[in-house]
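Subject: Structure handover and findings

Hello,

Here is the structure I promised to pass on. Please load it first, then read the notes below.

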Amino acid sequence: MELRQLEHFVAVAQEQHFTRAAERVAVSQSGLSASVRALEQELRTPLFSRTTRSVRLTEAGRALLVEAERTLAGARAAKDAVDAVRGLLRGTLSVGVEQCVAGLNLPRLLAAFHREHPHMEIRLRQEGTTNLVDGVAAGRLDIAFAATVSPVEWRGELVPLAREPMVLLCAPGHRLAPADRAGWDELAGEAFIDFHPDFGPRRAADEAFAAARVRRTVALEVNDVHTLLELVREGLGIAVVPHHFSRKPEAACLVAVALDGADQPYYESVVVLPAAQALSPGARALMALVREGTGH
């Protein structure tokens, strides 16, 4: 079993398509198919269920995918470690991020990293916190910037970035707009706009409503902050969001109302890192910039 075969297998598993996978790893489709067949012959079991329209992992394929991703991540880390000893940072830095993470200016941070390490390729994925944690755990991501993660969810390292209150955002004509503060019971029965459930702000809002024992209906689910703010502006619902959302240009005409209650809800952001021994040289260099204050 060769690393190249595992790379081909993972590409097909992730793309669910032989042609796209072949383009991704820069080999011919026939060469990719032969590589996967050789791996199946060596393991004496099919790894994919193939039809004319789809490619799906078999049970054996799903089991192999977890270990193959770990093996490839380990091989990359070993190569990166040797380059680091030689004073070079080469290879790939895979970064994951949630939208609009508090306490982080990601473009500025990545630009500074690129200036210091021009031979390192940066790959960026934008996803919800749950997928980001899974990505770091599986070795698909070297580092992630996400919402608060409990120690039960993640046993690696968590570095705090920022903590800020959650506020109510509404259109100027909404009944709560004139108020300085709003009680949780006043929110009952309202239509809400929010992110998908694995996004950090949604998780924080869900926990806050559960703690206040107020049921709510999320009428519109989105996956980007700009759409959320536009929908609130059009009066299609209200939103409970981190305070820094209210400072965005798209929120200029919206009203931010503080939330009352003994337990003020907060949104916290963190850096998600693997255990120290699994930290790649690229992630270590990026974290050095974070600790210096670059990207704040």
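Which residues does Gln 14 touch, not counting residues up to four places away in sequence? They are Arg 24, Glu 69 and Arg 140. Bear in mind that this is a predicted model.

**Gln 14 and the end of α1**

Gln 14 sits in helix α1, which covers residues 3–15. With a relative accessible area of 35%, Gln 14 is partly exposed. Leu 57 is 43 residues away from Gln 14 along the chain.

Next comes the loop between α1 and α2, where Gln 16 is found. Gln 16 is not a glycine, yet its phi is positive, at about 55°. For context, most residues other than glycine have a negative phi. Gln 16 has 40% relative accessibility, so it counts as partly exposed.

**α2 against α3**

Helix α2 spans residues 18–25, and helix α3 spans residues 29–43. Two packed helices are described by the angle between their axes and the distance between the axes. Here the axes come within 9 Å and cross at roughly 100°.

**Arg 44**

Arg 44 lies in the loop between α3 and β1, the strand at 48–50. Arg 44 is not a glycine either, and has a positive phi of about 60°. Its relative accessible area is 77%, so Arg 44 is exposed. If you check backbone torsions, look at Gln 16 and Arg 44.

**His 243**

Where is His 243 found? It is in the loop between β10 (239–242) and β11 (255–259). At 30% relative accessibility, His 243 is partly exposed. Its side chain makes a polar contact with the side chain of Arg 247, at 2.9 Å. Leaving out residues up to four places away in sequence, His 243 touches Glu 164, Pro 165 and Val 167. Gly 61 is 182 residues from His 243 in sequence. The C-alpha to C-alpha distance between Gly 61 and His 243 is 44 Å.

**Cysteines**

How many disulfides are there? The count comes to zero. A disulfide is a covalent bond between the sulfur atoms of two cysteines. The cut-off is 2.5 Å. Cys 253 is likewise in no disulfide, with the sulfur of Cys 170 as its nearest cysteine sulfur at 11 Å.

Is each of these two buried or exposed? Cys 170 has 0% relative accessibility, so it counts as buried. Cys 253 has a relative accessible area of 38%, so it is partly exposed.

Best regards

Notes. Residues numbered from 1 in each chain as written. Predicted model: local features only at pLDDT ≥ 70, side-chain atom pairs only at ≥ 80, totals over all residues. Heavy atoms only, no water. Axes fitted to C-alpha atoms, helices over the stretch in contact; angles between N-to-C directions. Helix = DSSP H or I, 4+ residues; strand = E, 2+ residues; numbered from the N terminus. Buried < 20%, exposed > 50% of the residue type's maximum accessible area, 1.4 Å probe, protein only. Contact = heavy atoms within 4.5 Å. Polar contact = N/O pair within 3.5 Å; in protein donor to acceptor, adjacent residues only side chain to side chain.
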